[in-house]
Every structure is written in C-alpha cells, then in structure tokens.
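Biologist: I'm new to reading structures, so could we look at one together and talk about its rings?

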4 protein chains.
Amino acid sequence: MIDMNDRSLRQVTVGLGGPANGLVREDRFDITAASEVMAILVLASDYADLRKRLGEIVVGTSTEGNPVKASEIGGAGAMALLLRQAFLPNLAQTLEGNPAFIHGGPFANIAHGNSSIIADRMALASADFVVTEAGFGSDMGAEKFMHIKAATSGKAPDCVVMNVTVRSMKLHGGAFGDRGGIRPDKATLEAENVSATVSGARTNLDRHIRNMAAFGIPVVVSINKFASDTDAEISAIRDAAHESGATSVCITEVHANGGEGGKDLAQAVVKAVQNHIASGRPFVPLFKPDVDVVEKATAIATRMYKANGISMTAKAKRELDRIRSWGYGNLPVCMAKTQYSFSHDASLLGAPTGFTVPIGEFRLNAGAGFIVAVLGNMMTMPGLPKRPAALDMDMDENGNLLGVFG
Amino acid sequence: MIDMNDRSLRQVTVGLGGPANGLVREDRFDITAASEVMAILVLASDYADLRKRLGEIVVGTSTEGNPVKASEIGGAGAMALLLRQAFLPNLAQTLEGNPAFIHGGPFANIAHGNSSIIADRMALASADFVVTEAGFGSDMGAEKFMHIKAATSGKAPDCVVMNVTVRSMKLHGGAFGDRGGIRPDKATLEAENVSATVSGARTNLDRHIRNMAAFGIPVVVSINKFASDTDAEISAIRDAAHESGATSVCITEVHANGGEGGKDLAQAVVKAVQNHIASGRPFVPLFKPDVDVVEKATAIATRMYKANGISMTAKAKRELDRIRSWGYGNLPVCMAKTQYSFSHDASLLGAPTGFTVPIGEFRLNAGAGFIVAVLGNMMTMPGLPKRPAALDMDMDENGNLLGVFG
Amino acid sequence: MIDMNDRSLRQVTVGLGGPANGLVREDRFDITAASEVMAILVLASDYADLRKRLGEIVVGTSTEGNPVKASEIGGAGAMALLLRQAFLPNLAQTLEGNPAFIHGGPFANIAHGNSSIIADRMALASADFVVTEAGFGSDMGAEKFMHIKAATSGKAPDCVVMNVTVRSMKLHGGAFGDRGGIRPDKATLEAENVSATVSGARTNLDRHIRNMAAFGIPVVVSINKFASDTDAEISAIRDAAHESGATSVCITEVHANGGEGGKDLAQAVVKAVQNHIASGRPFVPLFKPDVDVVEKATAIATRMYKANGISMTAKAKRELDRIRSWGYGNLPVCMAKTQYSFSHDASLLGAPTGFTVPIGEFRLNAGAGFIVAVLGNMMTMPGLPKRPAALDMDMDENGNLLGVFG
Amino acid sequence: MIDMNDRSLRQVTVGLGGPANGLVREDRFDITAASEVMAILVLASDYADLRKRLGEIVVGTSTEGNPVKASEIGGAGAMALLLRQAFLPNLAQTLEGNPAFIHGGPFANIAHGNSSIIADRMALASADFVVTEAGFGSDMGAEKFMHIKAATSGKAPDCVVMNVTVRSMKLHGGAFGDRGGIRPDKATLEAENVSATVSGARTNLDRHIRNMAAFGIPVVVSINKFASDTDAEISAIRDAAHESGATSVCITEVHANGGEGGKDLAQAVVKAVQNHIASGRPFVPLFKPDVDVVEKATAIATRMYKANGISMTAKAKRELDRIRSWGYGNLPVCMAKTQYSFSHDASLLGAPTGFTVPIGEFRLNAGAGFIVAVLGNMMTMPGLPKRPAALDMDMDENGNLLGVFG
C-alpha cells in the first residue's frame, strides 16, 4: 500500500536481483484507502477487536495451500501498536462550532466507503442524532453500509438522507453526452435544461429512492441547491422524488447559508426518524447474512444494479474456490465498482438494464470480514488526471502557498 | 522512496499490465533517508533555495539524451510546497531543559548523514557554541561534513569531537573476530581486554585522529565511559589518542551523569576552539572544490580510507560519462559505503590497507548538489534483521504498548 | 516464437539489465504453429506473394501510433529467403503408394488450421479429386476453411467429409462426465452405450451437419469404425446423421483395411461432388467478405456456435479501435478457441446454447490477412501434460530409442 | 537456449501471469553455442557417456540447498535421445576431395571452443595425422584444449600450428588505433606498415608462441599470406617468430593455391611431430588437474594472460561457495572472455600487463565437467551488429537468393 496514485505501480515484479532480495513475484500496489488495514480500522469495535482482526488478515498461502494469517507470522501485535493512535477518532468542528468526527473515508468505489464504527458509537453516546457519511451514490456507500457496516456494528440507520443536485440529474438525463466522469464546461453545466433534469430524475434518482426504500427505511431527499438552478429544474426533481416514494423532499442551501440552510432538512429527518421508530418497521437487507458470496453478489447485481446477472472470469472462479475451501465463502461482499453508473460501465447513465456484471477478481479480506469483488476494470490503484493539479501549485520565497485554494 | 525496509523492493519492474499503466521499466525503491529530496532539505539555505534545488533534480533523460529536470516538468513548486513545514527545524529539549534541534539524519552510509544547515544556522544565531552531529565514524559523516556540508554552507567546524568507546576499540583490535556488525554476547563485550583495546586504538582510532587533524582542525577525543570499562582500558585509549596527536582527551559520562558528566569535555572543546580561532589556521579539505569527481573519490579513497585506488564497473563508467557530458562532473562526491570499516568491506577491521575501492554505480543528485558513488554492494534499500523487532511488540486490550521500550 | 511448449514463457518481461539490452517490455512467446509467419506460408500463392505478405506483417507501432510493417524495417527479404525451401510442399506417400502432400498444420484452435494453398493447387493440377484436411471439428478448421482459406484461394470445397467416431458421440452424450479433454480408461471408452451415442449424435453431430450444410455443400458423414463399436451404436449414428440432413453416411475402416476400407466413402464422395457440380448450387459463406470483424465474429458465434452473442474485454475493444483506425477492420476473423466444445468453454459438451462468447484479445495478422480473436482463456503457448512423455523415453548405450513408439 | 542473437533476451523475467504459468523467476537466454548441452556433445566419448553427462547437468537447487540433477527429474533419457543423431560427426569434404569432420564449434570466447572428441577419435582411427581446430587465439581455444579437452580425452596434441596474418600483427602493433573488433577500411588494412607489424609480432605473437611452447609441444607458425602483404612485413613476422622460439615458420597460401599452398606447412608439421614423439618430452599443463578452480583461474590469468591476479564479485564468491560445497570445486575452469585481447578488456592490444582479471560470475557445468568463469562483461547472448546483414538479403519472385553470397 502506498499513499500516492502512481499507475505504474498497478502491476509490478518485485524481488528481482538475486536471492538476497527475496522471491521474485508479481504483485501490485494499492492506494492506502483501498487497504484491508484501513477497512479494519473503521470496522473494529475496540482495541482488542482491532488487534484480533489484524491477526486474521490472510497474508499468503502455505505450501500446502492453507491460508497463512498475520497472527501466525507474529505480525498482529506490531500492526495494532502502529494503529493505536489512528484508531482514536479525530474530533473536528464545523465553521459554526458543531462537533464532527472525521475518521475513515468515503472511497466507496474501491473500499467499503463509510465512516468508522467507533466514531459513530462515540457520537451516539453523546448526541440524539448522528449523521454519518456513506460515500458516492446509494448503490455504492449506502449499499455497503447496509450489508457490511450495519452487519458488523449491529446498528442499522433510521433514515436515509439522499443528496441530489440538478446537475447530476442533467448528467444522467443525457445533457452532457453519454460518458460519466467528464466535466462539461461551466456554461453547459449551468444552462437550464428541464427535460434532461426530468429524464435524470425519473430514471436515476427513481432507482436510488426505490432501492433505499426497499430496506424498510424512510428516504429523505435533499436537493442541494446551486445558484444557477432554476425553479423549473428544482420542481422537476421534487415531483419525481415524491412520485418515486420519497418520505419527504427538502431544498438544502447549507453551502450558501450554513446551518440555517439545512433547517428544513433537519426537521424532515427528525420527523422521519420519529415516525420510523414509532412504526416498528424492520430493517430488511437484500439477503440473509450467511448465504454464499455469489448469492450476495448476484442479489446486489440484479436487485440494486438491475443487471441480468453476474459473470466471473476464470481467475475469479479460482479465487472463489480457494476462498470457499478455506471456509470464508459466506462473508459479506464488497463490490469494487465505478461510481459513475449503476452498472460496472461508467458510460451507462440513467437507469441502465440488460447488462451482465463481470467479476474479474475476488480478494479475501478475512480480517476486515468481507470479500472484495472487483467489477470490470475497476482499479484499486487509481491514475492521476491528465493534467496534474501539482502543475498549478507553487510556493513563493517566503513559504506562502500558491494555487492550492481557489 | 518508501519509508519501510523491504528488500524485495530493491529491484523491481514497474508499469506492467498494458500501456495504461505507463512504460515498463526497471526501477528500485530506496528508503526515504537515502533520498535526494531529504538531502536537499538539509542542505538548502532558505525557501527559495529549497525550491530551486528541487527544480534542479534530474528526473530522467530526454529522447535526445539530455537531462530532464523536475522544474521542466512543473514539479518544483508542488514539491516545495509539500516540504514547507518539514523545512522548519524541530526544536526539542534535553532532559535537563537545554534546547536541541532534531532536523535531518545521521545515515552517513547511504546519505550525506549530517544535521540540516538551516538548523545549524538558527542555532548559531542564538548560541555561542553549537554542537552538530555527523553520523558514524569520521570516514563517514565527518568526511561528508568537510566536503559536502561545509562546501555548501561555507561554514567549516572549529573543532572535531571524536567519540570513542572501549568496546569499539576491542572490536577493531580483533576481540570479537573479524566481522563488523555482528554483536557478541554481553560477557564477551564487557570482559577486560587491554591488548585488543590497545590494538584497536593504535590502528583504527589512530587513523581517525590523523585523518581529522589533517583538515587543520583541533581533534578532542571523548571516551564515552561504560560501567564495565576498566582503568587499564581507558588509559590505553588515552595514551594512544595523545600519541596520534589528539588536541586533548576527556572521559565523558553523560549517559550516567547528565550534563555534569560532560563538563570536562565541554571545557576542553571551549579551549580548543578558542585556541584554534586565535591560531588562524586555515581549513584544508582534501581537494579543491572544482576538481573532477573521480579525482575527489580517489583522494578520499587513498588519503582517508588508505586504499590503493578506486576501480569502476562498466556501469559506473557509463554513468560517469553521462554525468560529465551534462556538465555535472565537478560536483562533490558522496561515498555510499559500509560504516563498519575504513574500506568498502565490512570485514576489514582496524586500519586496513592494500585494497581497491570498487565503485559500482554513480548517481547524480543535481539538486542536492553531489554525486553518489555506491561502493561495493552498499544497499540504499536496507534489509531487516533476521528476527524482526516487530515480533516482540504488542498492544494489550487497553491500548498499552508492550515490548517497545526496554 | 519458439518450438517448445513452456508455459513459463507465456508472459515475460524482456530487455532487463540496462539500456544495452534494449527497451524493457512485456511480451509473450507463442509456439511456432500459432505464428503469423506459418499462416502466411500456408496462404501465400507464390514466392512474390510470400515476400509481399511477410512485408505486410505489422511488427510494432510508431511513436505517432501508426503501424510499422516488416517491409519498412527491411525485414521482408531476409524472412522470405529463410522460407524459400519451406514454402515448397513436402511430397510423401501412403503405405499403399499414393501421393500425399504434408504442408502446413491442423492447429485449428490457435491458428487457421488448414493445409497450404500451394499444396492444394499442386495437387489439383495433377489429380481429379483432392482431399485436404481442416483440423478438429467443423466449427474449427472447416469454418476457417470457408471464411479464410477459400476467401484467399478463391476455391471453395465441393464436398465436406465429416469424420465421426462412436466414442466422440459418447463423450458429447455425457458418457464420460462433463469435461472435454480428459481421457477415460479403456473399458469405459469401449463399453457399449447406445443412449449416450444417440444423445451425442442428435446434439453435437446434428449441429455439425446442419452448420456445414448451410454453406450449400454436400455433407458426407464418414463413421470411422473401431473394433469395439457395436452395431447398435453405429446404427444410432447413421440414423441421426440422415435425420440431420447428411447427403450420405458411410462406414470407414481405413485404419484396419487400408484403401479398401475407404472405398464406400470414396464412391459416396465422387457421387456427391458430381451431383453438387451438376446442381450449380452456390457456395454461401455466413457473411459478405467486406463486413466489419465484429459482424463476422458475431455471425460465427451466433450462427455456428449458437451463442447469444459476443462480449469484449476493454483490452479487446482498445485493440479493435486501433485495428480499425489502421484500416484493417474488415479482414477475416480467425477464432482462437477450444476444440472441445462448440462454445469457448471446454466443459460445455453436446450442443450448448445460452452462453456469450468472450473475446479477450484481438491480434492483427496483417500479412496473413486476418484478425485473430482470442476467446476466453485460449492459450497460444500451450502447457505440457502433467506427466511429461519424456519420462518414458530413453536411449540405450548403443543409441537405440526406448519408449518412443508404442 | 535459443539459436538467435537477441540482446533483449539476455535478462528476462518469466512465469508472469499467474500460477498456471509457473513460478515467477529471473532468467536469461544464451545462444545455443554457449550451452552446456553443446559442450557435453563435443566432450562425450560415446552414447553411454553422453547420456550420463546429460544426467549430471545441475538444473536447479532443492529447497534444502542441494544440487538437483537432470537425471533426478527424469530428463536424461529424453535429452540423450534427442541428441542421438547430432552426436554422430558430420563428414564433409574439401574442394580437393579430402575428408573433414565438422562437429562442434569454435566459440572459444563463450564456450570451450573445440571440435568434438568423438570426431577426432574417428579421424585418428583412419588417418596418420589429424588436424583439429581450437577457436580464436591460443589464449582462447588452445588454452581450453590443453586444460579441458585434453584432460577429458586423455589425448594431448603433438604439435601446435599457430596461424598468423600480417594484418593481425598490424592491429596488435597499433596500426588501427587502440580498439579490437572495429574493422578499418581496406586501404588502411592493406597499406604496408612494417613497424606496426614488428611491434605486433614482438608483443602479441611472442606471447602466444612462448605460452604454447611452455606446454612442452612444438609450435609451428603458419603465416597466412594475403596478396597485399609485402615481403618486409612477412620477414618481420618470420624473424620475430624464430626469436620467440617457434619450432619452424612457414608461409601458407592455401586460400589462393589449395593443398599445394599448404605443402611447406604440412612438411614442417610432420617433421615437428616426429621429432617431438622421438624426444619423449612430456605434456605440461599449467596446473595439476585436481587443484581448486580459483587456483586454476589464477594460474591461467597470471601465466597466460600475464595479469596481476584475479578479483571476484560478491556474486561470484557466493556461487563459488555453493559450487565447492557441492563438491565440484576442483573441476576444470572455462574462461568466458573477449577474443580481442590477452586480457578481459578488448581495448588492451599487444601484450598487456598490469591488469587484474575480474570474475563476474561462476556457472557450474557439472555434466560438461567444467566451471565457466565469466570475465568482465562477457555476454553469453551476443548482440547483433548495428547494421543487420539481413538488410542486404532478399529473394526475387522466382525464389532466387539475393545478397547472400558476395
């Protein structure tokens, strides 16, 4: 693991230069955010659990084909010790002085993408309502919240707050062409386009709302309003969201107006949570926790992504056989997947159907307690943009930063 | 560069897996301490110099065979910016409350191995006497102080304090066999062995003293006394040191008695410095700063290490040709070499002669302003000990460290 | 290309060890039978065509992204010269003294798998009937005969002779489990199993006959009779073949009885050819020669293999884009595929449906004049059997061979 | 081993792409001429010995660090069988109809460089005098004849015929600059240069003659006369050769005049052999056959090459330790070395002294029965010339060769 995006480290041969340098082998670097150690840090309940999970990491295979764990090579203690401080959540504050933990990260494409369980617990111990982030769209971080984080912590959410913008609806409605991830110019972004907004909301947002509602939890849609958004566009989203079954829909202007701009949303969430608790409705995951990983992946693919099914490469099948033979076949699955589409293909916008989800690899994270399924060409060592941001950064002779902010 | 000793990263092939992952190439990882960026940090005079030097790093070769600098690919500013805080020396204090800067490191085997110039300058601006460290024996950090650091800062030392222990003299006198770096057991280490002490002092210490005295600077020998050292052993060193021309010889017991244990040494240094300044003796490096790197390396090899001369591999010659053709042939040379012997061979103890110093590689550090000559098999990515220290480390369920201290 | 099966050469990094050894790059070895040069040898019409095709081989890409041909780097002449003798067909004779050319090979899985055009032409110039081999099942060599060899030579066959054995029908009828390529023991192979024979004939043989008949050519089925075959098994195949539309069905015992054992077949072929020529029925390939390679591959996959369609990896798409941009997009396609199934998956016996054919790679053979589509995990550098045949071979002290024959 | 000069195969990583492709490892290709199998072919006495030696090849190391032989993995028999025909010497004839065996090759730089023992034996069985070739200068093939081939066959030569040309003496006399291996233009080659001829003969030829004479064998010098050679040049060589102790000196014009042109030489050889046999002088190798390989290499380096001694890289020492621990330390040594100089450095012409011979690697050829010592940068996979000869070769449309001869 290395904390730098360098695509030339995606696939490497190490140990060259003679036996003193170890065995020659093919390997890869991942960025730290995709590491099993990071996942353990955010899923562990306390120091003892942290150390135990680190010891459960499968670091290799014995010559007899059995898993070799970190604890078996004496690595658990030292790793735990190195993470002792990092395991304590970082307490920060908002500009208005409200406390906030920043602990664990939202990379829900290459990791499970949720804030740490220990931070949530500390927050729950001292506040009535805790808002925690699940990265990217609901098919990404929220799905993993439901099937990995909640399964680990035993604490399901009482409400889903789904944040949506006019421009994301335009994107999924086709206003910017057929390719996710490419940023149009400002004028195109901001130009009113009601029909694309409608189209995006009635396909993409609709599926997000219905998927989340199926877990048995209220879904409050928060429209994150930008200055350039028009009333017609906002209305289009509001109407669509209601029609898709949103519990309530609010306009949010936190970026412009601070806490005041989120008041409606806060009240809607409080109400939704109170009603939900009163209703006694159960939390309904897509599958029982102890079914096979392929059943889990298939359920997520067909019921959330609306794929026809999954396919597996020979490599994935081989790894699956090994994982099952070691007794890990029923762990949760963490789908490593593009954040730009419900599918594995970043170019399929809106609410695509008719595709098959290709699983290229399975990676066992026995310590974190899940199996990573790598979909399509998903990279766990991302590349940098074509024009590095570094080109705009500099320092003057007095040590002042240039080009970093704004 | 990576901050971890992993011998399997000494020689790697990167960029495998197709054109999206960059060009396939052979490369190596070094540990951070051996990095040119670290050397720049400790040699730069101010922010502007820091940025300029970073920009001068030669990061590759153009298709026409010319050097490509970091500044030419837009990398200087962002690197400078990342180092902005790191460039400020860390002020710490001793147990007795005296200020001390910790900034830059003593890895004088794989790097130039001296504390930072900026820290020394800040210290000199607020104290009458500044003590700064040069790592390992005088053939290592002190040689590099004289020819690299002093040449960069323009400030030569007014006194050399040479620290010596009875057990190091025993080692070089042959008490522990013929191999540096292997630690004998406690009983062997502590058993009185006057003849080995004499032998070590009259060969190894003698050469260190004479080498340093040749720079025209007083040499104060500090015998770092251990409880097990006998009077006869201490006397043996003292006599030998005087005979080799030490300006004065002191017993130091700072480890046992704190500042009080270093009083004699402090007074001896004050006196030596005052006499030296009064004498007006010039500082005399081994060579003029603008001679060719091979002349510099030969002078160090023959006059400090007492080798017959140097030899170069075909690879080293090729690199030398390129370095010269780019106009860098007259930079200072930083000898990457074992700390266990005056020679390149860790098994040659005492004051070896009759060997030829093999230069396996030259590496241009144009930003740091020197050329690294890698002697013999010196590794800039060290290995770990056979029994990892991590095996003794652990954390209990309350987060208490176990096995780290003591 | 190397004439040895060594799986460790399937994926290699070459050019390590410094610039004198060339550029570091990822590469692979293929066995000679899979080489484009071999394909050119068997498809070329004369010496001039041979030299021209060798020059058309695309050996790399220029820095501007254009194809670099062998002729552009001066390689065509020397290659042609090396192949001068090899281009002349080898004339052998059967045990009964009939002339036979052996020229080019039947590896219809990793190559186009047909005897050379020049040998066929020489045979046609001196005989009334020429029998030429197309390797493996009709989905392999015969498909490539129709779409590659016939398209190149301009000469379509006047009759298909489809050879079938009782045991292959048993295999496809499920008598030996669900896996192609694994040889059952002798007793199992020879035990009468009429139901499996019927099942294999009505699925697998049926599809072969119908596929071939669709080209507008008579299909004569030759049942290659073994001593252990029972009358019931033979009848089962005969009945099924007639029902599938075979022009005629013959029992052949050439292995046991020489030319006499093939008399019925020969007469049936003569009659079929005469009727065919008299009928004036046109030869009907699956597609027009100038359609895009994806259309060709899709037609073969859906109409011959009966797949749902094709899928392509990102790598295959990238290569396809490049091939099309260079103007080669309409070349014939050579499907590199397992010989054990109509599909890409060796375990799908009989007449499978419901699968999608995965194209993992496209390789341009511009000199041979086709594009290789590598299906699934098809290897162009095969492995050796688990127990090397070499273990049974030896030589005695007089130089006598041991263990080579029988 | 591969029969093609491709420098990008000098250092490779193989077995990439997953466990099905074998273990990832660093390896190299050598050209066939440098192979141990080739050496075995030319040193074996009969089929039984051939098979036994093939079985003795050390193909790897067991996990316990012991040698693994080809016979232990069942490889000896199949290898022997493949070489059965190749082991039989090829009988050719000269233009005048004299029989000649061509069997084994003269690559005395990267191999032991002598014709096969079996061919010599067959020749000796049917002729009174047998002339056999030892490749390159006497420090190359002839040294290896004395210490490897003769030690294996038990048959020392009765006469050394040393072939010399005027232009080689000019080269070593400095007429063409200081670099071996670079061909001057025709005019420079042919221009009379008596002083350079004298200088070359009195340094280079002198050392060759004295080295060979020290084995106790007559040395007949054959001056291979070219049309452009002047009498003064020829005389210079003749005088020098006599002074260095040549048994006799003959002018040879076989190239121009066939057998007639070699009559003087033949008669001189007959006489030298008869006198030698009559004298009963013993054959005197440089060392006893059972001394350690380092003693052998040192004797060759100091007494034939006139070096100060040898040096070894750490790699060579490591390999030496292993070779000795396996009990092979006393095998003959085969020096892989440049043919352009008595030293390891192609640029040292004439009769250089004052150098140390660097051994970079030892390679055990346990089946061939020797240890290869690789000197300096000697390559066992040569590169091709800068301008490939292939560029001048072609084939016309009738299959006629162009540019191959003349």
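Modeller: A pair means rings of Phe, Tyr or Trp (its six-membered ring) with centres within 6.5 Å; planes under 30 degrees apart are stacked, over 60 edge-to-face, and the rest tilted. This is a predicted model, where local features need pLDDT of at least 70, side-chain atom pairs count only at pLDDT 80 or more, and totals for chains, interfaces and linings use all residues. Residues are numbered from 1 along each chain as its sequence is written, chains are lettered from A and ligands numbered from 1 in the order written, and side-chain values use heavy atoms, with hydrogens and water left out.

Biologist: What kind of pair do B:Phe215 and B:Phe283 make?

Modeller: Their ring centres are 6.1 Å apart. The planes meet at 15°, so the pair is stacked.

Biologist: How many residues apart in sequence are the parts it ties together?

Modeller: B:Phe215 lies in the loop between helix H8 (194-213) and strand E8 (219-224) of chain B. Helices (H or I, at least four residues) and strands (E, at least two) are DSSP runs, numbered from the N terminus. B:Phe283 is in the loop between helix H11 (263-279) and helix H12 (293-304) of chain B, so the parts tied together are apart by 68 residues.

Biologist: Is B:Phe215 buried or exposed?

Modeller: Buried means under 20% relative accessible area, exposed over 50%, and partly exposed in between (1.4 Å probe, protein chains only). B:Phe215 has 1% relative accessibility, so it counts as buried.

Biologist: And which label does B:Phe283 get?

Modeller: Its relative accessibility is 27%. That makes B:Phe283 partly exposed.

Biologist: What is the angle between the planes of C:Tyr47 and C:Phe87?

Modeller: These two rings sit 5.5 Å centre to centre. They form a tilted pair, with the planes at 45°.

Biologist: Where is C:Phe87, the partner of C:Tyr47?

Modeller: C:Tyr47 belongs to helix H2 (residues 47-56) of chain C, and its partner is 40 residues away. C:Phe87 is in the loop between helix H3 (76-82) and strand E5 (90-93) of chain C.

Biologist: Which residue has its charged end over the ring of D:Tyr305?

Modeller: A charge sits over a ring if NZ of Lys or CZ of Arg is within 6 Å of the ring centre and within 35 degrees of the ring normal. Here the charged end is 4.8 Å from the centre, and it belongs to D:Lys337.
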